[in-house]
Amino acid sequence: MARLDVVETFHGLSFPGHLHTEDSLQQALKFSFKDSDILIVSYPKSGTTWMQEIVTLISNKGEPQMSQTLPNWARAPWLEQHYFAALLEASPCVKNRVITTHLPHHLLGPTLKDSKAKVIYVSRNPKDVVVSFYHFHNMANFLPEAGSFPEFLNRFLDGTLHYGPWFDHIKGWSSQTKNNVLHITYEEMSMDIKGAIERLSAHLQSPLLEDELNNCVKHCSFGSMKDNKMANYTLVTEEIMDHNKGSFMRKGRIGDWKNMFTTELNTYFESVFESKMEDCPLEFVWDEPQSDETNPTDVASCDKQ
Ligand code: A3P
C-alpha cells in the first residue's frame, strides 16, 4: 500500500494516506483497550520513538534483545494505522500490549474513558517540534512538500499540517489528570533520563534494579538509538523515506529551533502561542540548560498545572 500522495481526512484532520485509511481511523475509535495495555500518546516529533524504546527496555528489565531485533512500529504499533491489527496480533508483548497513537484527545478520549490502560503523554516544546517536523517532511515521501520554513511554520500555527493542530493536541491531553495518565516531556528526558525512567517504571509498575535502570539509560541514548536499525527507520525503503535527505535520528537536542527561527519568525510564533495558550498554564523548556544549571526540578512538566 503506497498511497504516498493520498491525504485521508478524518473528523476535519488530515492524515497521511500511506499509513491511514478511513477504516483504520474508524477502527481506532472503536478499539477495546485492556487495563493492562500501555498507551504512548504524542504529537509527532515529540519523542515518540524514544518513548517506545524506553517502554520496551523497561518491560525487558533493561535487556536490549527485543529493541534490537524488532522494529519500533512492531513492538508498539500505532493504533490508527492500517497495519495495526495485524501487528498487534503478531506482537510478542502479550502481557502488556504497547500501543502508540498520535490521535488528539477529543477523538480518542471517549474510547479510553473507562479504561485503566496506562497512558503516557509525551510532549515537547513546540518550536523544536515544528523544526523536527519540517526536516522530517523533507525526507518522508508520504508527507506533503514542506515548502519554505516560514510557510511550514504558518501551517503548523494554523493547525493545517497532517495530524492536526498541536495546540489542540497538547491542551486536550494535558488536561487529563487521572492517575492512569503520566505526563512527561522530551526536555525532562533530555535533562534527567535516569529520573524519567524511574518515573516511568513506577507508573508502569515495573520496578527496576540499579543495573537494569543503568542498562535502560544506556540503550535508549541518542547514540545507541541512532545505531539501532530497529529504531532509526533505516529499514524503511528509500521510496518511503529518503535517507539521503536526512536522518530520522537527526539531532536529538533541546533548542535546535534557534537554527531555523529568525527574530521575526520568533516574534510571530510567540504572539500566536500566547493567544492560543492563554487558557493553558503549561510551561516549556525552550533551551538546553548550561551543564551546571541542570536540575530536574526546574523542568516544567505537563502535570504541573
Ligand atoms: P530531532 O529531529 O529534533 O532530532 P518522534 O519519534 O516523535 O518522531 O520524534 C523524533 C525526534 O526525537 C527527533 O528529533 C529525534 O532525533 C528525537 N529522538 C529520538 N530518540 C532520541 C533520543 N534517544 N534522545 C534524544 N532525542 C531523540
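Select Asn141, in the loop between α6 and α7; helices (H or I, at least four residues) and strands (E, at least two) are DSSP runs, numbered from the N terminus. This is a predicted model, in which local features need pLDDT of at least 70, side-chain atom pairs count only at pLDDT 80 or more, and totals for chains, interfaces and linings use all residues. Residues are numbered from 1 along each chain as its sequence is written, and side-chain values use heavy atoms, with hydrogens and water left out.

Asn141 counts as partly exposed because its relative accessibility is 29%; buried means under 20% relative accessible area, exposed over 50%, and partly exposed in between (1.4 Å probe, protein chains only). Leaving aside neighbours within four places in sequence, Asn141 is in contact (heavy atoms within 4.5 Å) with Leu4, Glu238, Glu239, Ile240, Met241 and Asp242.

Next, select Ser67, in the loop between α2 and α3 (72–75). Is Ser67 buried or exposed? Ser67 counts as buried, because its relative accessibility is 2%. Beyond its neighbours within four places in sequence, Ser67 is in contact with Glu53, Thr56, Leu57, Arg75, Asn228 and Met230.

Move to helix α13, residues 263–276. Colour its buried residues, Leu265, Phe269, Val272 and Phe273. Seen down the axis of α13, these fall within an arc of 100° (taken from the directions from the helix axis to the C-beta atoms), so they line one face of the helix. The face turned away from that buried side carries the exposed residues Thr263, Glu264, Thr267 and Glu274. Show α6 (126–139), α7 (149–158) and α8 (166–174) as well; they are among what covers the buried residues of α13.

Then select helix α10, residues 193–203. Its buried residues are Ile193, Gly195, Ala196, Ile197, Leu200, Ser201 and His203. They pack against α2, β5 (118–123), β6 (181–185), α9 and α11 (210–219). After α10 comes Gln205, whose phi is positive, near 50°.

For the last stop, select α2 (48–59), α6, α9 (186–191) and α12 (222–226), each of which supplies at least two residues of the lining of the largest pocket. That lining divides into 24 nonpolar, 13 polar and five charged residues, where Ala, Val, Leu, Ile, Met, Phe, Trp, Tyr, Cys and Pro count as nonpolar, Asp, Glu, Lys and Arg as charged, and the others, Gly among them, as polar.

Terms used: Expected span 1.5 Å × (residues − 1).
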